[in-house]
Amino acid sequence: MIFLEVSGQMDVFIFKNYQCVLALAFAIEEINKNPDLLHNLTLGFDVYDVHCRAWTMFKNSFICLFGNYKIPNYSCIRESRSIAVLTGPSGITSDLIGTLLGLYRFPQFTFGPFDHALSDHNKFPVLYQMAPKDTSIATAMVSLLLHFSWNWVGLLTTQDEHGAWVLAELKEEMDKNRICVSYELVISSQDVSHIFKLMAVHNEINLSSASVLIIYGDNDSLIFLMVLIEQIFLHGKVCIVNSQWDFTLKRKYFMLGSMHVPLIFTHHHVDVSGFADFVKTVKPSKYPEDIFLARLWFLSFNCSDSESDCVTWDECPYDASLDWLPVHSFEMTMSGDSYNIYNAVYAVAQALHEMLLHQTEVQTIGNRNGALPSSAQLHIFLKNIQFYNPIGDQVIWDKKMKLEPQYDILNIWNFPEGLQLEVKVGKFSPYAPHGNQLSLSEDMVEWAIGTTEIPHSVCSEICDPGFRKSPQEGKAACCFDCTPCPENDIANGTAMEQCVKCPDHQYANTQRTQCLLRAASFLAFGDPLGMALTCMALCFSLLTVVVLGMFVKHHDTAIVKANNRALSYILLISLIFCFFCSLLFLGRPNTVTCILQQITFGVVFTVAVSTVLAKTVTVVLAFKATSPGRRMRWLLVSGAPNFIIPICTFIQVTLCGLWLGTSPPFVDTDKHSEHGHIIILCNKGSLTAFYCVLGYLCSLALASFTVAFLARNLPDTFNEAKFLTFSMVVLCSVWVTFLPVYHSAKGKVMVAVEVFSILASSAGLLGCIFGPKCIILSLPNRNFLHGFRDKRHSRRNNSS
C-alpha cells in the first residue's frame, strides 16, 4: 500500500509523483514474474491520494489497517490485507501516518528525502527511510564551490532538525576550506513571520557581492516561499540546491532560466533496465481501475468528455503513450523517489521470502493452508535484512555498514516557450581519491542567458603574486586587502597569507614574485670608479717618482740641501707607498688584502706625517741654532729630528699590532646597499682600533701643523714652513671631511671614499710641499745661494 500526494494544492495533478505509482507497479510485476522469489505469493498494492489534512491521512490509515475507519482495532479484512505501507514524498505525510502505524507495529517505508525527525526509533519504531542520509552533501557542495573558486556564498535552509544538521555540516566544511558565509537565512514554512523576515533582508541579499546561494530544503518546506524568492532574491544568482524540484512548480514559481543558474544535487543511481519500456506500455485500458492514470491521460491527451459523467476514450489517440509527454512534464527514466520505492518493494519481498522460509523450516502450522504472515512478524525480518537489488545496488539498514551516497549534478537547459530540460553535467563520488571526487563538464553548464562566463563570487579579489592578504577588521576571513610584500620578501603564488623572506644570498625581484641569486660585487679595477681611482693612484705615484728623480738629480743644489735632503727622500718614498697602498682597497677582497690595506695605510702614512713633523722641527732648530747658546745647535748637529720618524712609526706599529691581536679586519658582505648585489668588502674588525690609528695620524698632523705654524714668520729664504703648514691644513681637512662622508656611504662607495681620501691627502702633501721646490729646481738661476744673494742685493739697491 502506498500513501502518495498525487494531487497538490488547488487540486493540481502532480505528474512527477505519479511516476512513483508506476515504479511500484513495475517492481511488483517484476517480483510476481520471478520464480525464485515468493513463488507461492502474489503481491498487490493500493494507492491512496493524501493531502496535508490530518483527518484524511488518518482515515486512509485506518482503512489500510482494519478495512474501515469507524471502529478502530477491529479488522474486517479476511483474505488480502496490506503488510507494509509506503509513504511520501512529503516528510509531513510520513510523520503523521507513522505515529499511527507505530502503535500497531506496522512496517512503514518512506521514499521521500531523508528526514532526521523520522530517525527517532522511539517515536517511529517500525519506520524505514529508503533515501540515503546526506552524509556527504556538504562535502559535495563545497567541492563544487572550490571547483569554481567561489568562496563567498549565501545559505538558505529550513528551520527544522534536518536543516539545522545540514547547516552545521555545511559551515564546518566551508570553514575547513576557507569559504565564507555572506548571509545566512533559516526559514520555516509554518511561520508567516519568516516571510516578512525574508522581505526585510532582501536588500542585503540582492546587494551582496555573493553570487552563489545554497538552498537546502524540500518542496514542502519552501513551496510557499518560491514566488517570494523568485521575485525578490534570486536575480542573477547561482542556486545550488539539494533535491530535484518538480518541473511543474519550477515553471510556475522557481528558477526561470533567464534569471538564474540552478545546479541540483541528486542521489546517483543506475538506471533500472526495463522501466522505460514498461512505462510505454502503460495505458488506461491496461489498468482500468487506476483513476489517477485516467486523469493523467485526460489531462495529457485532451480526450475527456466534459459533458458526460461516463469515461470515454473515443477522443484519445489510439496509440497514445506516456513517452509522448514532454520531458519537463513527465520523465521516462526512474527518478530518485521512484528508485526508493523500487528498493522498498524488493525489501518487503526479500523479508517475506526469508520469513516464509523460516516458517517452513520450523514447520509453522497453518502457513500451508493460506494464512498470511502478520506485519509484526515481518518487522523482525526487516530489521536485519540486506540484499542486492536486480541492478546490483546494495540495500542495507545498518548505519555503520551503509554506504555513503553518490551525487549527480544537474543543470537546467532552457528552450523557447518555457521548455526546460535537466542535463547531467557532473558527478560527486566520496569513494574517489581526494581531489578527484568531483567530475564536472563545465562546457555543458548553461549559465544565465546573455553570458558565457563563469559567475564570480568572492568577497575580495584574489591577491596576485607579490602581494599578501591583509585581513579587514571586523569582516570574514574571505574579505581582505592585498598588501605588497616588503623589500626582500616574495609571494610566488596567488592568495598568499604571508610573504616569504629571501635567503641572504638571494634578493626579491621588483615584482616580489621570486628570489634571484645576488651577483657578487666589489670595487673592481675594471669598474669605471675603480679605473678612475687606479689611474689617479698610478699618475700620482709616477709624478712622485719624477719629483724624487729631480731631487736626486739636483741633490747638490741649495734648495735640496736646505731642508734636510734625507728627509725629503724619505717623504717622497713614503708618498709613493701611500699612493700604491690605495690599490690594496681595489679588487676582490680577501683576508690578506683586508689586513694589509689597513696596516699598510696606517704605517706608511705615519712615516709620511712623522717625516713632515721632522722637517718642521728641523726648520725651527735651524733658525734657533744661530742664536746664542749651544744646546739648539747640538740638537741640530746631532740629527735629533731624524729620531722622530722611527719613534712615531714604532708607536703606530704597536697600535696596529694590538689591532691585529684583538680584532683584525676580515672579509664581510653587504646585502642592502645595492639592490640585487651582495657587496664583498673588508670589515674593519675593531672600529675602536681603526679610529685609534686614524686619531694617532691626526695627532701627528696636528703637531706638525702647530710647529709649522709657529715657524711661518722665520726668514723665507729656503724656508718651507709655510708650505708644511698648508700641507697639514689640506691633510686635516681631507680626513675631517672623510669621517661624516665615510659613515653616510655604503658598499662600494664607502671603499671609494676611503681610497679617495688617501689619494687626496697624499696628493696634498706632494703638491704643497714639493710643488714650489720643483718650480725652483726648474729655474737654474734661482737654484744657487749666490743667486738668492744677488736677488736680495738688487732689492736693497732699488730700495735705496
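Modeller: What follows covers a sheet, then a helix on that sheet, then the disulfides. This is a predicted model, in which local features need pLDDT of at least 70, side-chain atom pairs count only at pLDDT 80 or more, and totals for chains, interfaces and linings use all residues. Residues are numbered from 1 along each chain as its sequence is written, and side-chain values use heavy atoms, with hydrogens and water left out.

Colleague: In what order do the strands of the open sheet run?

Modeller: Strands of a sheet pair through backbone hydrogen bonds, either parallel or antiparallel. Strands (E, at least two residues) and helices (H or I, at least four residues) are DSSP runs, numbered from the N terminus, and two strands pair if DSSP finds at least two bridges between them. Here eight strands make up an open sheet with mixed pairing, ordered β7-β6-β8-β9-β10-β13-β14-β15. β7 (180-187) and β15 (438-440) are at the edges with a single partner strand each, so one side of each has no neighbour in the sheet. On average, neighbouring strands are turned by 25° against each other, direction ignored.

Colleague: In which sense do β10 and β13 pair?

Modeller: β10 (residues 261-267) and β13 (residues 407-414) are antiparallel, with five bridges. In this pairing L263 is opposite N411 of β13.

Colleague: Which strands does helix α5 touch?

Modeller: Contact means heavy atoms within 4.5 Å. Helix α5 (residues 161-176) packs on the sheet and touches β6 (152-158), β7 and β8 (212-216). The direction of α5 makes about 165° with that of β6; axes are lines fitted to C-alpha atoms, for helices over the stretch in contact, and angles run from 0 to 180 degrees between N-to-C directions.

Colleague: Now the cysteines. How many disulfides are there?

Modeller: A disulfide is a pair of cysteine sulfur atoms within 2.5 Å. By that rule there are six disulfides. One of them joins C180 and C478, with sulfur atoms 2.0 Å apart. The torsion about its S-S bond is about 90°, so the C180 and C478 link is right-handed. The two cysteines are 298 residues apart: C180 belongs to strand β7, while C478 is in the loop between β16 (467-471) and β17 (480-484).

Colleague: Are C180 and C478 buried or exposed?

Modeller: Buried means under 20% relative accessible area, exposed over 50%, and partly exposed in between (1.4 Å probe, protein chains only). C180 has 9% and is buried, and C478 is buried at 3%.

Colleague: Which cysteine does C459 join?

Modeller: C459 is joined to C479, S to S 1.9 Å. The S-S torsion is about 105°, so this disulfide is right-handed. C459 is in the loop between β15 and β16 and C479 in the loop between β16 and β17, so the link ties parts that are 20 residues apart in sequence. C459 is partly exposed at 25%, whereas C479 is buried at 3%.

Colleague: What is the handedness of the link of C485 and C499?

Modeller: That link, S to S 2.0 Å, has -85° about the S-S bond and is left-handed. Both ends are buried, C485 at 5% and C499 at 15%.
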